[in-house]
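Here are my notes on this model. Please read them with the structure open.

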Amino acid sequence: MAHVSHQQALRAAAAGLTRRRVLTVTGAAAVLAFTTNLPDAHAAALPPRVLSANPFTLGVASGDPLPDSVVLWTRLAPSPYEPSGGLPPTGTVDVDWEVAHDEAFARVAQRGTATARAEFDYTVHVEVGALEADRVYHYRFRSGSWMSPIGRTRTLPAAGAKVGALRFGVLSCQAYHDGYYTALRHLADENLDLVFHLGDYQYEYAVDEVGGAREYTDRTLPEIFDRETVTLEDYRLRYALYKSDADLQAAHAAFPWYVTWDDHETENNYAGGVDENDDPPEEFLVRRAAAYRAYWENMPLRAPQLPSGPDMRLYRRFEYGKLAQFDILDTRQYRSDQAYGDGWQFPGPESEDPARTMVGAAQERWLLDGFRASTAVWNVLPQQVTFAQRKNTTDARSKLAMDSWDGYPASRARILAGAEQAGVRNLAVLSGDVHTHYALDIKKDFNDPASRTVGVEFVGTSVSSGRDGTDKPSNWSTFMAANPHMKFYNGRRGYVTVALDDKHIRADFKTLPAVTVPGAPVSTAASFVSEAGNPGLKPA
């Protein structure tokens, strides 16, 4: 029913828009969002001369690997800062692809031809099948006389396979205008199997001609970026800006990514169909449709994730042999509106209402069913906002962040109860959003420090959002004193690497001294470990 009502609202919004309203709410995006879900079978193939310049300016990516399959992605954009990447607004281009066992492509495992279509902004999503389990592969694309960079990817172990170990990266929050992506360059040099990006891949905020805090002196960014993203074209162009960054391209090319969004891919702190400014939902859903469409186009996602108007199922499950089950959540699309007007507020009847939800009834049911069916050693929840409680004073009654799970305590309690009832012994939550590193124990009762620890949470800091940051933010002492289950807090930029086997899970919190200048070094600020069957973080 929610899907039907969204479609009706979208059509009503598009039908009621005047030319003046199109400029602010973008009727064009509304029309595109529900008329271009299917390719145009009559679109003409474009002549080779349209690719007079390198079309692979935005790199390559892979994602959502399975034991026998992986998604390969690229986007043709000879002029990435122009609409349609400088290509005609209608038409198709053939793109050849290859997957090989070796980087020299002497042993090709699969090859084929995909079609890049104008309706999807000339993006390509190839779901390569019939691959061997638990194998590294290399891939590339060719269109016309142009060859893409080479990417490296891998498949997952076979279902039920006994796996010795796994190592993955955790990323979030990469505001282009707040600094360089040096963290991503360092991540690309890590020895990892997978990467999880937990949201805020791009931001809706304007980027000025010098790239904000990057303060470019060697280039001038076009004026088209110096405005908030609202239309489908706005969002598509903003992804082109972000993906033109060489460090982001390197991190994508190095590993397969699992992605999920947070708020800024659409608009700050939106909740379901409610935007931050409480605009009419029928207007916001038009914008959400444009944002979701551009997100799918620019991520290495499979066909089932293709949105229908303002609706897109992004929550999904992956199993890494018997070692780990990953339940990737969407905490934006289905949530109740933030209580008490959002921000840091005292909890009360509104925030503690049992009817409130962070993930919606269907996703919650799916998650709890997954807990019950799981046979994995580790159950890992890659998601967006801080799961554990965070008080901002040492007073008995303290304000909590209404946008995080603290604003949805009944929803959090249902998930923890479901994990306990299912016999989940090793729960690990991965989070982003807050531009800080946290290492947190998940307690049965957060208000009782002696309460049983039922899981652990690793909150990864931002890649660039928040600019350089500091090791100890101004509220560091208060937060550490107010939250005994908080074992670590750092406000620099960086990422997290997580290693797990059947005995332990370990997180290494990586930080950089600066992102407002390029080339900063990376270091490990802290490392924590938790034992399988005995949750609780200890310094490694």
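1. In which loop is Asp279 found? The model is predicted, so local features are limited to pLDDT of at least 70. Asp279 sits in the loop between strand S11 (257-259) and helix H7 (281-298). Asp279 is partly exposed, because its relative accessible area of 33% lies between the 20% and 50% cut-offs.

2. Asp279 also belongs to a patch of negative charge on the surface. Patch residues need over 30% relative accessible area, and Asp279 has 33%.

3. The largest nonpolar core holds 49 residues. Leu171, Tyr176, Leu187, Trp257, Tyr295, Leu301 and Met312 touch the most other members. Two or more residues each come from helix H4 (182-188), helix H5 (232-243), helix H6 (246-254), S11 and H7. H7 gives the most, with seven residues.

4. Check the backbone at Tyr122. Its phi is near 60°, a positive value in a residue other than glycine. Tyr122 is placed in the loop between strand S4 (108-117) and strand S5 (123-128). Tyr122 counts as buried, because its relative accessibility is 0% and the cut-off is under 20%.

5. Tyr340 lies in the loop between strand S13 (324-328) and strand S14 (344-345). Is Tyr340 buried or partly exposed? Tyr340 is partly exposed, with a relative accessible area of 31%.

How values were computed: Residues numbered from 1 in each chain as written. Predicted model: local features only at pLDDT ≥ 70, side-chain atom pairs only at ≥ 80, totals over all residues. Heavy atoms only, no water. Patch = residues over 30% accessible without salt bridge, like charges linked within 9 Å, V, L, I, M, F, W, Y side chains within 5 Å. Areas by Shrake-Rupley, 256 points an atom, 1.4 Å probe, with all protein chains shown as cover. Salt bridge = Lys/Arg side-chain N within 4 Å of Asp/Glu carboxyl O. Lys, Arg positive; Asp, Glu negative; His and termini not counted. Charge placed at Lys NZ, Arg CZ, Asp CG, Glu CD. Helix = DSSP H or I, 4+ residues; strand = E, 2+ residues; numbered from the N terminus. Buried < 20%, exposed > 50% of the residue type's maximum accessible area, 1.4 Å probe, protein only. Core = buried A, V, L, I, M, F, W, Y, C linked by side-chain atoms within 4.5 Å.
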